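Please work through each task before reading its solution.

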Amino acid sequence: MKSLKYLLAFAAVLFLAKDMYAQPNSRYFYAGVSLGATNYKGDLDDNFTLKFTKPGLGFVGGYKFHPHISAQLNLNQGWMGASDARAATDIPRRRRNLSFRSPLSEAALTFRYEFFANNRRYKYRPQFSPYIFGGVAVFAYNPQAKLGDEWFDLQPLGTEGQFLADCGYEDCPDPYSLVNFAIPFGAGIRY
């Protein structure tokens, strides 16, 4: 979590930078916010449905250091969850009655390559440009389940078979980490 504090400090520096306007050359800072949604697909929801959609929000800060290339820091927060009780037509799953919720926090550093050069004043820039991006991200989550009126963290309980008395011919698995890495990549169009 110490590295997350450093990423937040870096984001604050980007946000408070004085050069937030587009400069006449290709180098400038930019910042923004994002609103979106998260959704769960897994063994508690075999089909993609909107009933498990939760809100997501984020902060974006970046630096354009070349007419085609920029570095971007994204800090995102979302929530996810699902419940067998909401599987209205699947009676065995309703009887199984599993459910969970989890916050999902992500910090990502990506590099973006725009195909059309962006090195002029704002009103003379290309109105759109296709781009590709890739980078590295770290994300944290903490799945919980509700029993009665209380929520319990699932990882310490060994819900993936970590603390079974006899694991057979294989060693018992280690508890899963609540912090993991990802490789974000993709393509889009800036307008």
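**Exercise 1.** Determine whether Asp84 is buried or exposed, and which residue its side chain meets in a salt bridge.

*Solution.* Asp84 is buried (under 20% relative accessible area; exposed is over 50%, partly exposed in between; 1.4 Å probe, protein chains only), with a relative accessible area of 0%. Its side chain meets that of Arg96 in a salt bridge at 2.6 Å, N to O; the term requires a side-chain nitrogen of Lys or Arg within 4 Å of a carboxyl oxygen of Asp or Glu. Arg96 lies in helix α2 and Asp84 in the loop between β3 and α2, so the pair ties together parts 12 residues apart in sequence. Helices (H or I, at least four residues) and strands (E, at least two) are DSSP runs, numbered from the N terminus. Arg96 is partly exposed, at 37%.

The model is predicted: local features need pLDDT of at least 70, side-chain atom pairs count only at pLDDT 80 or more, and totals for chains, interfaces and linings use all residues. Residues are numbered from 1 along each chain as its sequence is written, and side-chain values use heavy atoms, with hydrogens and water left out.
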